[in-house]
Structures are given as structure tokens and as C-alpha cells.
Amino acid sequence: MNFLKYRDNLLYLENASIEKIAKKNVTPFYLYSFKQLEKNFTYFKHTFASTNPTICFAVKSNPNLTFLKKLRNLGSGADVVSMGELQLALKAGIHPSKIVFSGVGKTNEELTFAITKKILLINTESENEIDEIIKIAKNKKVKVAIGIRINPDIAAKTNKKISTGKKSDKFGISINHCEAIFNKYKLNKFISIQAISVHIGSQIKNINPFEKTLKVVDLFLKKLKQKNIKINYLDIGGGMGIPYSKSETIFNLTKYGKLVEKFNSHHHLKIIFEPGRYISANTGLLVARVVYIKKTKSINFVILDAGMNDLMRPALYDAKHEVIPVRKNNKKSSNLIEFVGPICESTDRFITYKKYQHLKQGDLVCFTNVGAYGRSLSSTYNIRPLAGELAVQNTSYKIIRPRQKLKDLIK
Ligand code: LLP
């Protein structure tokens, strides 16, 4: 997080004091830096400049309207996976010609809406789905551009809960089946297969799985060529990982850029990317307050007012988000400490530290790198309102989505 710094032992995001913001807002809340968002998007765009891709931000990683508007202003498109995300992307002003629709279970209602809006691509994931699109297109007397998502049967070497490219995963269609699909539908009047799409998983930190995937795609495109079948787009999905702590390796985006450039010098396709985490993760903090400290012989539980309902990733994927104090001090904690939430579940625990500074009731802390799959994965479990979302603005902030009101939750 490039814009997160201590000044005189107080934590600032850009030029805004987090302590000051927390005095005026109920914790826990998400706090974003749009400077960081711009930096990330611009870096991504520059790194792939030679292939001039359409960058379709994966809305699922951060579906905040203001966040999406910022991205639209920077030139981003959107990768959506539901009616809600599609409507949100349109509301943010993202042009339909920059929107791709992914997912294994798009309903007739969702497909009809996407077709009416003339979005760039519907990436299909089964023959059943293609037939559903044909039905709708026939009815409307239109021809619909679709992509076929392939399943390259490649291990993404990431957490198995976020891997999507093995044949045992529900995503995409095997290469053999894809060939049969191209043969079956190539002359169809209501669809035109314009793209191949692929997405093998998330938080991938090594380039090898991407390299292997491009090899599979390369072979498949050669087969299509032999049959005189031409497509226009390759949608390479997202999945690029980020370091969640200082000791973690950084994904080599430059190397990936060169790989894609080399690949495309043979195929001359329009390239689409669907990055989520790489663009949004390090833009956000979750600010929380210490409710109690419960001391035991072996460990001090630091009980926060943020729970697994606010930040699900540790409970769901054993993810580690560093927790840092808003006000630094020189006193040491006497014991091992574990940050936990207030939820009645044993998995409502975040991270353990052998050494930490002294903390007391009422102190503020921040979870780092929570701009992706943070607020978007949260729930109201235990009847806890969804956290507010704020963005820093100069020395102050603005609320970009208010905290959910308890009275709306208990209606
Ligand atoms: N495209 C498709 C088709 C996807 O399914 C996904 C993510 C993306 C793009 C964006 O992937 P990214 O660039 O963010 O890795 N909740 C999990 C991550 C699940 C990702 C699901 N699909 C987590 O918190 O780690």
C-alpha cells in the first residue's frame, strides 16, 4: 500500500489521519485510496501497452459504485457475473462495449438483459447455455457475440478453494468439447463465436501456470486455423496475485506482459483482461477498534469490533491480512496475541503475532490489503450491519457507501 505511512507515530492514508476519520465514523469501516487505484490501473495498462488490451475490471472484487466510476474514468471496462453486477457497471457509466459477462449459471433473465444491452461478450461455459442464448436471439431476431470459456486443465498452484482451471473444476469447457462446439455452431445464424476465454484461478503468484495456459490456447487456435475458423478476441481472465505481506514474492507483471506480447505476435487477437485483486486489493483498509483484551496464560485475545462477517477471507481461505496499529507506541505486549472477531464461530480469528506493541481497549487497528474481496464478501451474519465504505480525500474523507442501518436489517 504505497500511500499508507506513519507520521509522528500516527497512521495516514495519503494525507488523511485515520484516527481523525475514526472519530467521526462508526468502526469497523473500509477506507480506500483512489490514488492507489489510479496507480494500479495505470501500471497495469502501461505494462500491457504493446498488446493494447481491453481491461475489464472484475467487479466482484470490489463492487462499490464510486470505485467503479473512478475506474471508468481511467478507461476500464467491467467483467461481471450477475444481473446486479451488470446493472452496477452500467450505472457507473461503463460502456456496454467494454463489458464481458462470465459465470456458469447465467439465467435466461440475465442473458436476455445482457443481449438487450449489446455487451461486448457473453462468455459461455456450457452447451446448455449456448442453446439458451440461441433461443433468446431467435426470439429477438439478433445475432449474439459469444465467447467460449475453455478449461485448460491446468493447476494454478494457488489455494485450492480459488482454483478454477482443472478439469475437476466446474468452470469452462474441455478442449475436446470446445472443438465439437465450434464444429456444431460455426454456421449458426444466431450466435457468432468471437472469443475464447480462460481464467484458471486467483492469487496466482507464479507465471508458469499462465505460460502453460497460453500454450494450450496456442495449440487450440492452431487447430481452429486449420479448420478455417477465425475468432477475434482472447479473454485471458484475471488471477494475478499480490503480496499480502513484506516477505511474499511479487508477481512479475512485466514478464507476463512480454509473454502475452509474444503470444499475440503470432495470433493478432484483441486481448481482454479481467483483473480484480491486482487492481483493487491494496487500495483498501479495514479500520477496527479493540473492544476487549482477554488475557490467558498462553495468549492474549485481542477482540475487535470487526468480525468474519466484515472480512471473510481469513475464515474462508486461511488468508492472512496484516493488522497494524493506528497509533504506534514503544511498549511491548507481554504475550503472544491473536486478533479475533466478536462472532460466535471458532473460525472468527484473523492473525497471530509473537511480538506486538502494547494494545488496550479502544485502540484502533487496520487490516491491510482488503480492497479486493473484502467488503464484497461480507455478510450480515449475527445481524451485524454491513460496514461503511469511505475514501480519503486530501486531508479528509468522503463516504462512498454508508454503513448499513440496523433498522433496515431488522425490518
Ligand atoms: N475473471 C473471472 C472469470 C473470475 O472468476 C475471477 C475471479 C476474476 C476474473 C478475477 O480474478 P482476480 O484477478 O481477482 O484474481 N474470493 C476469493 C477470490 C475468488 C475469485 C473468483 N473469481 C478471494 O478472496 O481470494
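Buried area is the accessible area that two parts lose on being put together, summed over both. This idea is needed for the predicted model shown above, in which the protein is assigned two domains. Domain 1 is built from two stretches, 4–32 and 281–409, while domain 2 covers 34–275. The centres of domain 1 and domain 2, taken over C-alpha atoms, are separated by 33 Å.

On the side of domain 1, T283, Y317 and Y373 supply 25% of the area buried against domain 2, more than any other three residues. In terms of contacts, 21 residues of domain 1 touch 20 residues of domain 2.

What kinds of polar pairing cross the interface of domain 1 and domain 2? Nine residue pairs are in polar contact there, whereas zero salt bridges are found. By class, the side of domain 1 that touches domain 2 has eight nonpolar, six polar and seven charged residues.

The model also holds a ligand with 19 residues around it, of which S202, E274, R313, Y317 and Y373 come nearest. A nitrogen atom of the ligand lies 2.6 Å from a polar side-chain atom of E274. For D79, an N or O atom of the side chain is 3.3 Å from a ligand nitrogen atom. The side chain of R277 places an N or O atom 2.8 Å from an oxygen atom of the ligand.

Terms used
Residues numbered from 1 in each chain as written. Predicted model: local features only at pLDDT ≥ 70, side-chain atom pairs only at ≥ 80, totals over all residues. Heavy atoms only, no water. Domains from an automatic or database assignment. Contact = heavy atoms within 4.5 Å. Buried area = accessible area lost by both parts, 1.4 Å probe. Salt bridge = Lys/Arg side-chain N within 4 Å of Asp/Glu carboxyl O. Polar contact = N/O pair within 3.5 Å; in protein donor to acceptor, adjacent residues only side chain to side chain. Nonpolar A, V, L, I, M, F, W, Y, C, P; charged D, E, K, R; others polar. Near = heavy atom within 4 Å.
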